[in-house]
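Visitor: Hi, I'd like to go through a structure with you. Could you put it up?

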Amino acid sequence: MRNLVVIAALLLAALVAYFKFGPNGEQHPSSQLSYIPADTALLSVQLEPFDLISYLKQVEMMPQNPKEAMALLETMASATGSNSGHFVAALLEHYLEVLEQPEQLTQLTGIPQEFRSLFYLVGLSVVSRVELADEAAFWRFFDRVEQQSQLWHQAEETDNHPYRRYSLLELAGQQIELLVSVNNGWGTLVLTSSELDASHHAIALGLRKPADPLNWQRDMRPLAQRYRLNENSLGMVSSAELLKALTGAGQNRLAKDLQQLAGAELDAALVNWRTPACQADTASIAANWPGIYFDNQMNQQPVSSRMLIASTDQSAMASLGKLRGFIAPHVQQPAKDSVLQFGLGLNIGQLLPAISELWTATTSASFACQPLQEMQAAMQASNPLAALAMAGMAGSVKGASITINDIAMDPTTGMPSAVDALVSISADNAQSLIQSLLMFYPAMAGIPLPAPGEELELNELFPMAAAFGLAPKLMLSGDHALVYQGERAQQQARQLAGTTLSQNGLLHFGMNYAKLFSAMAAGMATSGMEVPPEVDAMKDTPFQLGISMDIEPTGIAIESTMHFGGDQAD
């Protein structure tokens, strides 16, 4: 069990390091790509330079009270009672220093403005590499961290090349270590275990090439083309390599590292998985769901990224595709002039059939692997299909959306003084749907609905709405039920009323940070609450975010855009 703790710590560090140092910029460093093993389970490589200084200035990641943040880090470090804790705190503190003055990036860290980096796993070791402009400044960065934390490095050498070893903490008799080296203009950080041998560390440090290096043209370029990803910014999480580590002690480098660190404990924990039957079944699963692939575009406005949960299971993708519904076109536009927008495209009429197909395929799949059979039995015992039967009552619904274009607060009452917003439900024969829903509320069953294209003042039916500064209107068209207030919302409603239903997506979310946090700050101020510095700063941040999800023939796609600055093209 103690050795499993070591493995868990390294895996957690891999995830944290990925989201911390993950995709960051590269100009086809082919000589460096050859140091990446072909069986890496996690990889992020960008093949074009990335202006890190401009990015840091745009995103304004610095805490509002840096001294308070640094004091908190010191307090947390002191609580650990070890120099290792102070070392980590010092690293974060100097990171904050860079955020506070990004124009000093090269002087403080040795990293150039045009940032290029690699991130990957060598077995269980986490590797982060960055091209350097000033090697001496890079080492001075770690010298300052050492001096502040009083955790000193141990000088080591492998393949006639020096590197630093920092022992961070001991777990189950093993040392979790940070290795740091500079070679051929690249700085390398490796988070690893002392139990892994010198040959492993030489490969992780980029001093020795693996026997089976990654071949970009063979392994990655076809994936970029198949999944419509930017080849100059590409990453992956490999299902096959992760499942090999689960089902076999020596199937890949990750499995070998796990076995070396945990040995008998791991054998006992995974005995039911490490069988030929499980190896065959999980290989089949990995073939159908090969992994997660992603890219980004950092050198443009808006910054964009795409992630695909890839699948070759055409039957599953056809079932999931039935769920796609209608998203209002205005919701899919950038949130330049809106506070918040959300659209859900969901074909309710296909919800039960699609989930039933997926459920049947999963629970009836032929597995010889005992743990997978047990999972199937547990799923069969908790069938959710009966709970979805009620969805048939709203089977004509194809989507819904909420758009808040603007909101203002009355400083006297603390209530909204002006609202411009639209709520829509899109369905086959929307008027019939609304009439059916009203039948569940006898007091409202006799409400006269407006004729198609006409407006109904809802304050006539709900006088209380006026007390909240609202004067909503209802409009019905053949396919849309629209409740709105405000001039812009009225324009959006009329445009949407004439839009024919189509399957154009699954989900879209957009947010304008400056508008949203301005409204929040105003609401807090009118209610007498103190506006936190973070909220006050965000209301001046010209940042717009957009996230969408859709079902494609090759997988489940999630795309995002981030726009920095006040102006954005439509």
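Predicted model: local features only at pLDDT ≥ 70, side-chain atom pairs only at ≥ 80, totals over all residues.

Visitor: Where in the fold is Thr158?

Guide: Thr158 belongs to strand β6, residues 154-158.

Visitor: And which residues is Thr158 in contact with, leaving aside neighbours within four places in sequence?

Guide: Those are Tyr163, Ala198, Ala202, Leu205, Leu207 and Arg208. Take Ala202: between Ala202 and Thr158 there are 44 residues in sequence, yet their C-alpha atoms are 6.6 Å apart in space.

Visitor: Let's switch to α9. Which of its residues are buried?

Guide: In helix α9, residues 216-226, the buried ones are Trp216, Met220, Leu223 and Ala224. They lie on the same side of α9, because the arc they cover around the axis is only 105°.

Visitor: What does the face turned away from the buried side carry?

Guide: That face of α9 has the exposed residues Arg218 and Gln225.

Visitor: What happens at the start of α9, and just after it?

Guide: At the start, Asn215 has a side-chain oxygen within 3.2 Å of the backbone nitrogen of Gln217. Just after α9 comes Arg228, with a positive phi of about 55°.

Visitor: New topic: which residues make the nonpolar surface patch of about 730 Å²?

Guide: Met390, Met393, Leu437, Met439, Phe440 and Tyr441 make that patch.

Visitor: Where does Tyr441 sit, and is it buried or exposed?

Guide: Tyr441 is in the loop between α18 (430-438) and β16 (455-457). Tyr441 is exposed, at 52% relative accessible area.

Terms used. Residues numbered from 1 in each chain as written. Heavy atoms only, no water. Buried < 20%, exposed > 50% of the residue type's maximum accessible area, 1.4 Å probe, protein only. Helix = DSSP H or I, 4+ residues; strand = E, 2+ residues; numbered from the N terminus. Arc of directions from axis to C-beta. Polar contact = N/O pair within 3.5 Å; in protein donor to acceptor, adjacent residues only side chain to side chain. Patch = residues over 30% accessible without salt bridge, like charges linked within 9 Å, V, L, I, M, F, W, Y side chains within 5 Å. Areas by Shrake-Rupley, 256 points an atom, 1.4 Å probe, with all protein chains shown as cover. Salt bridge = Lys/Arg side-chain N within 4 Å of Asp/Glu carboxyl O. Contact = heavy atoms within 4.5 Å.
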